[in-house]
Amino acid sequence: MKIGTLLNIELRKSGEFYTEKFRSRVIEQNETFLFIDYPIDIKTHKTSFFPKGTSFLITYVDENENIYSFLSKLVAKVKLNVPALAIEFPSDLQRIQRREFVRVDTAIDVAVHPLDDRLQPFTTVTRNISGGGISVIIPKDVDLKENNVEIFLSLPLKNHGFAYLKAIAEVVILEEKKHKNPTAAMKFLNIAKQDQQMIIRYCFEKQREARKKELS
(Lines give C-alpha, C1' and ligand atoms only; values in the text may rest on other atoms or scores of the structure.)
Protein backbone atom coordinates (compact mmCIF):
# COMPACT_ATOMS: atom_id res chain seq x y z
CA MET A 1 0.00 0.00 0.00
CA LYS A 2 1.53 3.27 -1.14
CA ILE A 3 1.72 6.59 0.67
CA GLY A 4 -1.20 8.68 -0.52
CA THR A 5 -3.54 5.72 -1.08
CA LEU A 6 -7.17 6.78 -0.66
CA LEU A 7 -9.11 4.82 1.94
CA ASN A 8 -12.86 4.32 2.26
CA ILE A 9 -13.61 3.73 5.94
CA GLU A 10 -16.74 2.33 7.53
CA LEU A 11 -17.29 2.42 11.26
CA ARG A 12 -18.08 -0.95 12.82
CA LYS A 13 -20.82 -0.49 15.37
CA SER A 14 -22.38 -3.91 15.92
CA GLY A 15 -21.56 -7.35 14.61
CA GLU A 16 -21.30 -7.44 10.82
CA PHE A 17 -23.14 -4.18 10.26
CA TYR A 18 -21.27 -1.11 9.14
CA THR A 19 -22.58 2.43 9.09
CA GLU A 20 -21.07 5.90 8.95
CA LYS A 21 -18.76 6.26 5.98
CA PHE A 22 -15.53 8.25 5.89
CA ARG A 23 -12.57 8.96 3.63
CA SER A 24 -8.91 9.19 4.56
CA ARG A 25 -5.44 8.79 3.09
CA VAL A 26 -2.29 6.87 4.05
CA ILE A 27 0.42 9.34 5.06
CA GLU A 28 3.02 6.94 6.51
CA GLN A 29 3.46 3.26 7.43
CA ASN A 30 5.76 0.77 9.08
CA GLU A 31 5.60 -2.97 9.73
CA THR A 32 3.16 -2.51 12.59
CA PHE A 33 0.96 0.48 11.82
CA LEU A 34 -0.63 2.50 9.07
CA PHE A 35 -0.70 6.22 9.78
CA ILE A 36 -3.67 7.96 8.22
CA ASP A 37 -5.17 11.44 8.06
CA TYR A 38 -8.07 12.15 10.37
CA PRO A 39 -11.05 10.73 8.44
CA ILE A 40 -13.56 13.05 6.79
CA ASP A 41 -17.27 12.21 7.09
CA ILE A 42 -18.62 11.62 3.57
CA LYS A 43 -21.96 13.18 4.42
CA THR A 44 -20.94 16.24 6.42
CA HIS A 45 -17.41 16.73 4.98
CA LYS A 46 -16.22 17.38 8.54
CA THR A 47 -13.20 15.88 10.30
CA SER A 48 -14.19 12.98 12.56
CA PHE A 49 -12.71 11.86 15.88
CA PHE A 50 -12.81 8.35 17.36
CA PRO A 51 -11.83 6.78 20.68
CA LYS A 52 -8.95 4.35 20.92
CA GLY A 53 -10.04 0.81 20.02
CA THR A 54 -12.61 1.85 17.39
CA SER A 55 -12.97 -0.87 14.73
CA PHE A 56 -13.05 -0.09 11.01
CA LEU A 57 -13.73 -1.81 7.72
CA ILE A 58 -11.44 -0.25 5.12
CA THR A 59 -11.44 -0.61 1.33
CA TYR A 60 -9.01 0.81 -1.20
CA VAL A 61 -7.92 0.50 -4.83
CA ASP A 62 -4.26 -0.18 -5.61
CA GLU A 63 -2.21 1.13 -8.54
CA ASN A 64 -3.30 -1.86 -10.66
CA GLU A 65 -7.00 -1.11 -10.07
CA ASN A 66 -7.39 -4.11 -7.74
CA ILE A 67 -9.83 -3.58 -4.86
CA TYR A 68 -8.98 -4.74 -1.34
CA SER A 69 -10.67 -4.64 2.05
CA PHE A 70 -9.43 -5.29 5.58
CA LEU A 71 -10.45 -4.91 9.20
CA SER A 72 -8.42 -2.60 11.41
CA LYS A 73 -8.53 -0.86 14.77
CA LEU A 74 -7.52 2.57 16.03
CA VAL A 75 -4.40 2.17 18.20
CA ALA A 76 -3.39 5.76 18.96
CA LYS A 77 -3.53 9.38 17.96
CA VAL A 78 -0.09 10.56 16.91
CA LYS A 79 1.70 13.72 15.82
CA LEU A 80 3.70 13.44 12.61
CA ASN A 81 4.07 16.44 10.31
CA VAL A 82 0.32 16.68 10.87
CA PRO A 83 -2.00 15.09 13.45
CA ALA A 84 -2.71 11.49 12.40
CA LEU A 85 -4.21 8.19 13.51
CA ALA A 86 -2.19 5.00 13.96
CA ILE A 87 -4.23 1.96 12.97
CA GLU A 88 -3.29 -1.72 12.94
CA PHE A 89 -1.43 -2.75 9.80
CA PRO A 90 -3.65 -5.19 7.87
CA SER A 91 -2.67 -8.80 8.47
CA ASP A 92 -5.38 -10.24 6.22
CA LEU A 93 -6.13 -8.34 3.01
CA GLN A 94 -9.23 -9.56 1.18
CA ARG A 95 -9.25 -8.96 -2.55
CA ILE A 96 -12.71 -8.07 -3.79
CA GLN A 97 -13.40 -10.07 -6.91
CA ARG A 98 -14.78 -7.72 -9.53
CA ARG A 99 -16.38 -10.37 -11.77
CA GLU A 100 -16.95 -7.36 -14.03
CA PHE A 101 -18.32 -5.93 -10.78
CA VAL A 102 -21.29 -7.07 -8.73
CA ARG A 103 -24.45 -5.69 -10.34
CA VAL A 104 -27.72 -5.07 -8.53
CA ASP A 105 -31.16 -4.04 -9.75
CA THR A 106 -32.06 -0.72 -8.17
CA ALA A 107 -33.74 2.58 -9.04
CA ILE A 108 -31.37 5.49 -8.38
CA ASP A 109 -31.93 9.05 -9.57
CA VAL A 110 -29.53 9.98 -12.36
CA ALA A 111 -29.01 12.99 -14.59
CA VAL A 112 -27.49 12.46 -18.04
CA HIS A 113 -25.67 15.35 -19.73
CA PRO A 114 -24.25 15.24 -23.27
CA LEU A 115 -20.64 16.10 -24.03
CA ASP A 116 -21.78 17.88 -27.20
CA ASP A 117 -24.88 19.75 -28.38
CA ARG A 118 -26.70 16.84 -30.00
CA LEU A 119 -28.72 15.97 -26.91
CA GLN A 120 -30.49 17.90 -24.20
CA PRO A 121 -29.74 16.86 -20.59
CA PHE A 122 -32.38 14.63 -19.05
CA THR A 123 -33.15 12.99 -15.73
CA THR A 124 -34.22 9.39 -15.19
CA VAL A 125 -33.57 6.40 -12.91
CA THR A 126 -31.24 3.44 -13.14
CA ARG A 127 -32.41 -0.08 -13.88
CA ASN A 128 -29.25 -1.54 -12.36
CA ILE A 129 -25.82 -0.42 -11.22
CA SER A 130 -22.33 -1.80 -10.62
CA GLY A 131 -18.85 -0.44 -10.05
CA GLY A 132 -18.32 -0.70 -13.79
CA GLY A 133 -21.37 1.12 -15.06
CA ILE A 134 -25.13 1.57 -15.03
CA SER A 135 -28.22 0.77 -17.07
CA VAL A 136 -30.77 3.57 -17.24
CA ILE A 137 -34.36 3.88 -18.43
CA ILE A 138 -34.64 6.24 -21.42
CA PRO A 139 -37.60 8.64 -21.31
CA LYS A 140 -39.94 8.43 -24.31
CA ASP A 141 -39.08 11.92 -25.54
CA VAL A 142 -35.29 11.31 -25.55
CA ASP A 143 -33.52 10.13 -28.72
CA LEU A 144 -30.28 8.85 -27.21
CA LYS A 145 -27.60 7.77 -29.64
CA GLU A 146 -24.52 5.73 -28.79
CA ASN A 147 -22.18 8.35 -27.42
CA ASN A 148 -20.18 9.44 -24.40
CA VAL A 149 -22.09 11.32 -21.71
CA GLU A 150 -21.55 12.80 -18.27
CA ILE A 151 -23.74 11.30 -15.57
CA PHE A 152 -24.62 12.54 -12.10
CA LEU A 153 -25.82 9.95 -9.57
CA SER A 154 -27.68 10.51 -6.34
CA LEU A 155 -26.53 7.43 -4.41
CA PRO A 156 -28.56 6.67 -1.26
CA LEU A 157 -26.36 5.81 1.71
CA LYS A 158 -27.69 3.72 4.55
CA ASN A 159 -28.61 6.07 7.42
CA HIS A 160 -26.66 8.91 5.78
CA GLY A 161 -28.80 10.58 3.14
CA PHE A 162 -27.27 10.81 -0.31
CA ALA A 163 -23.83 10.98 -1.92
CA TYR A 164 -23.63 12.87 -5.20
CA LEU A 165 -21.27 11.24 -7.70
CA LYS A 166 -20.34 11.99 -11.28
CA ALA A 167 -18.62 10.08 -14.07
CA ILE A 168 -17.99 10.07 -17.80
CA ALA A 169 -19.67 7.04 -19.35
CA GLU A 170 -19.93 5.40 -22.75
CA VAL A 171 -23.32 4.29 -24.05
CA VAL A 172 -22.53 0.72 -25.14
CA ILE A 173 -25.97 -0.86 -25.62
CA LEU A 174 -29.35 0.63 -26.51
CA GLU A 175 -32.09 -1.91 -25.89
CA GLU A 176 -35.65 -1.52 -27.11
CA LYS A 177 -38.30 -3.14 -24.93
CA LYS A 178 -41.78 -4.02 -26.18
CA HIS A 179 -44.46 -2.01 -24.34
CA LYS A 180 -41.75 -0.47 -22.12
CA ASN A 181 -39.31 2.43 -22.24
CA PRO A 182 -35.97 1.53 -23.84
CA THR A 183 -32.87 1.20 -21.67
CA ALA A 184 -29.24 2.17 -22.19
CA ALA A 185 -26.28 0.31 -20.73
CA MET A 186 -23.40 2.67 -19.93
CA LYS A 187 -19.80 1.81 -19.05
CA PHE A 188 -17.81 4.12 -16.80
CA LEU A 189 -14.85 5.61 -18.65
CA ASN A 190 -13.73 8.08 -16.01
CA ILE A 191 -14.85 7.94 -12.38
CA ALA A 192 -13.06 8.88 -9.15
CA LYS A 193 -11.74 5.82 -7.33
CA GLN A 194 -13.46 6.76 -4.09
CA ASP A 195 -16.79 7.18 -5.91
CA GLN A 196 -16.38 3.79 -7.57
CA GLN A 197 -15.60 2.19 -4.20
CA MET A 198 -18.73 3.79 -2.77
CA ILE A 199 -20.84 2.26 -5.56
CA ILE A 200 -19.24 -1.16 -5.04
CA ARG A 201 -19.95 -1.01 -1.30
CA TYR A 202 -23.54 0.06 -2.02
CA CYS A 203 -23.99 -2.98 -4.30
CA PHE A 204 -22.64 -5.35 -1.64
CA GLU A 205 -25.00 -3.83 0.93
CA LYS A 206 -27.97 -4.31 -1.41
CA GLN A 207 -26.97 -7.94 -1.96
CA ARG A 208 -26.67 -8.48 1.78
CA GLU A 209 -30.11 -6.98 2.35
CA ALA A 210 -31.59 -9.27 -0.32
CA ARG A 211 -30.02 -12.37 1.27
CA LYS A 212 -31.41 -11.41 4.66
CA LYS A 213 -34.91 -11.06 3.19
CA GLU A 214 -34.59 -14.51 1.60
CA LEU A 215 -33.65 -16.02 4.96
CA SER A 216 -36.36 -14.25 6.97
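**A guided tour in questions**

Trainee: Which residue has a backbone nitrogen that the side chain of threonine 126 reaches at 2.9 Å?
Mentor: Let's begin with the kind of link: a polar contact is a pair of N or O atoms within 3.5 Å, where within protein one must be able to donate a hydrogen and the other to accept it, and residues adjacent in sequence count only if both atoms are side-chain atoms. In this predicted model, a polar atom of the threonine 126 side chain also lies 2.7 Å from the backbone oxygen of threonine 106. The backbone nitrogen reached at 2.9 Å is that of isoleucine 108.

Trainee: What mean pLDDT does the protein have?
Mentor: This is a predicted model, in which local features need a pLDDT of at least 70, side-chain atom pairs count only at pLDDT 80 or more, and totals for chains, interfaces and linings use all residues. Residues are numbered from 1 along each chain as its sequence is written, and side-chain values use heavy atoms, with hydrogens and water left out. pLDDT is the predictor's confidence in each residue, from 0 to 100. In this protein 88% of the residues score at least 70, and the average is 83.

Trainee: Which strand has the lowest confidence?
Mentor: Strands (E, at least two residues) and helices (H or I, at least four) are DSSP runs, numbered from the N terminus. Confidence is highest in strand E3 (residues 33-36), at 94. At the other end, with a mean of 74 over residues 94-96, is strand E8.

Trainee: Is threonine 126 buried or exposed?
Mentor: Threonine 126 sits in strand E11. Buried means under 20% relative accessible area, exposed over 50%, and partly exposed in between (1.4 Å probe, protein chains only). Because its relative accessibility is 2%, threonine 126 is buried.

Trainee: At what angle are the ring planes of phenylalanine 50 and phenylalanine 56?
Mentor: Rings of Phe, Tyr and Trp (its six-membered ring) pair if their centres lie within 6.5 Å; planes under 30 degrees apart count as stacked, over 60 as edge-to-face and the rest as tilted. By that rule there are 6 aromatic pairs. The centres of phenylalanine 50 and phenylalanine 56 are 5.4 Å apart, and this pair is edge-to-face because the angle between its planes is 75 degrees.

Trainee: Are the rings of tyrosine 60 and tyrosine 68 stacked or edge-to-face?
Mentor: Tyrosine 60 and tyrosine 68 are both buried. Their ring centres lie 5.7 Å apart and their planes are at 25 degrees, so the pair is stacked.

Trainee: Which residue forms a salt bridge with glutamate 10?
Mentor: A salt bridge is a side-chain nitrogen of Lys or Arg within 4 Å of a carboxyl oxygen of Asp or Glu, and this rule gives 3 of them. In this one, N and O are 3.0 Å apart. It links strand E1 (residues 6-14) with helix H1, 191 residues apart. The partner of glutamate 10 is arginine 201.

Trainee: Which residue forms a salt bridge with arginine 23?
Mentor: Arginine 23 belongs to strand E2 (residues 17-29), and its partner is in helix H1, 172 residues away. Arginine 23 is partly exposed because its relative accessibility is 26%. The closest N and O atoms are 3.2 Å apart, and the partner is aspartate 195.

Trainee: Which side chain does threonine 59 join in a polar contact of 3.2 Å?
Mentor: Threonine 59 is in strand E5 (residues 55-61). At 5% relative accessibility, threonine 59 is buried. The 3.2 Å contact is with the side chain of glutamine 197.
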